[in-house]
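Open the model in a viewer and keep the selection panel at hand. The stops below go through one chain, then the contact between chains, then single residue pairs.

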Amino acid sequence: MIPELRKVATFDENVLSEGGRPSDPVLRMIGVAAVIKNP
Amino acid sequence: MAPVLGEMLTERLIALAGSGDAIEAYGKACISGTSCEVEHASELIHTLQFGNFYREAVGAKSYLGFTNIRGPANTQIQIPLMDKHDTGRRSHYLTVQFSIYDAPDVDELVVALGAATRGRPHHRIGDRYSDLAALGRDVENPAGV
C-alpha cells in the first residue's frame, strides 16, 4: 500500500477516574501513528 | 504520500472510535528522525491533502492542533487536541501521549492522528468566550493589539 510504511501503532485508553472521582461518561483517548522511511 | 497516510490513519481511527460522531476533539502530530529535517515530516501533515480526510470523517472545519518535532526512537508522541467545532472550548483541551519503542529510526518519520470522545473529566476552566467577555475583547483580537 504505502511502499515505505514499516508499521502502524495504536494507543487506546479509557480513563475511568480522575482525581479519585469517577468519569461519567468514561473518557476515551485514541492515537494512531504510521512509521515510514523518509521518502 | 500525505493523502495516502491521511486516508489510512483516518480509516483506522474511525474504525476504533466506532464513528466520526464519537470523536469530539481532534489533533495531529509528527516526528522526524534525527537524520531528517523537521520539514520532512511537516510536509506530510501540514497539508489539506492529509487533514481533510479526518475533517470529512468527523464533520469538522477547524484547524488541527499539532506538534512537529525531531527526535530519536521512543520519543513521546504528543498530540494536542481541541474541540473539532470550537477551538475556544477549553473543556476539550487534552493531549494524547504515547511512544513507539523503535520509531522513528534516524531516517524515518512518524505521522499521527489523535482523538478524544469527550472533554476532560471534571473540567472547570472557563472557556475563551468568558475570558473575552471579562476583558471586553473580541474573538478576532483577544489581546486588543
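A polar contact is here a pair of N or O atoms within 3.5 Å, where, within protein, one atom must be able to donate a hydrogen and the other to accept it. Keep in mind throughout that this is a predicted model.

**Stop 1: a helix end in chain B.** Select Asp127(B) and Tyr129(B). Asp127(B) caps the N-terminal end of helix H4, residues 128-135 of chain B. A side-chain oxygen of Asp127(B) lies 3.0 Å from the backbone nitrogen of Tyr129(B). Now go to the residue that follows H4(B): Gly136(B), whose phi is positive, near 70°.

**Stop 2: chain B as a whole.** Show chain B as a cartoon. Chain B has four helices and five strands, and from the N terminus its elements run α-β-α-α-β-β-β-β-α. The C-alpha trace of chain B spans about 50 × 35 × 30 Å along its principal axes.

**Stop 3: strand pairs inside chain B.** Select strand E1 (residues 25-32) and strand E3 (residues 76-83) of chain B; two bridges join them, and they run antiparallel. Ala25(B) has Asp83(B) as its bridge partner in E3(B). Within E4(B), Val96(B) stands opposite Ile79(B).

**Stop 4: the contact with chain A.** Bring chain A back into view. Select Ile30(A), Val32(A) and Asn38(A): they supply 20% of the area that chain A buries against chain B, more than any other three residues.

**Stop 5: polar links across the contact.** Between chain A and chain B there are 19 residue pairs in polar contact, counting pairs with both residues at pLDDT 80 or more.

**Stop 6: a strand pair between chains.** Select E2(A) together with strand E5, residues 108-116 of chain B. Nine bridges join E2(A) to E5(B), and the two strands run antiparallel. Met29(A) has Ala116(B) as its bridge partner in E5(B).

**Stop 7: salt bridges.** The whole structure holds seven salt bridges over all chains, and the count between chain A and chain B is four. Select Lys37(A) and Asp107(B), which form a salt bridge with the closest N and O atoms 2.8 Å apart. Then select Arg6(A) and Asp102(B), whose side chains meet in a salt bridge at 3.1 Å, N to O. Asp102(B) lies in the loop between E4 and E5 of chain B and Arg6(A) in strand E1 of chain A, so this pair joins two chains.

**Stop 8: aromatic rings.** There are two aromatic pairs over all chains. For one of them, select Phe11(A) and Phe98(B): the ring centres are 5.6 Å apart and the planes are at 5°, so the pair is stacked. The pair crosses between chains, from Phe11(A) in strand E1 of chain A to Phe98(B) in strand E4 of chain B.

Terms used:
Residues are numbered from 1 along each chain as its sequence is written. Chains are lettered from A and ligands numbered from 1 in the order in which they are written. Side-chain values use heavy atoms; hydrogens and water are left out. Buried area is the accessible area (1.4 Å probe) that two parts lose on being put together, summed over both. Two strands pair if DSSP finds at least two bridges between them. Rings of Phe, Tyr and Trp (its six-membered ring) pair if their centres lie within 6.5 Å; planes under 30 degrees apart count as stacked, over 60 as edge-to-face and the rest as tilted.
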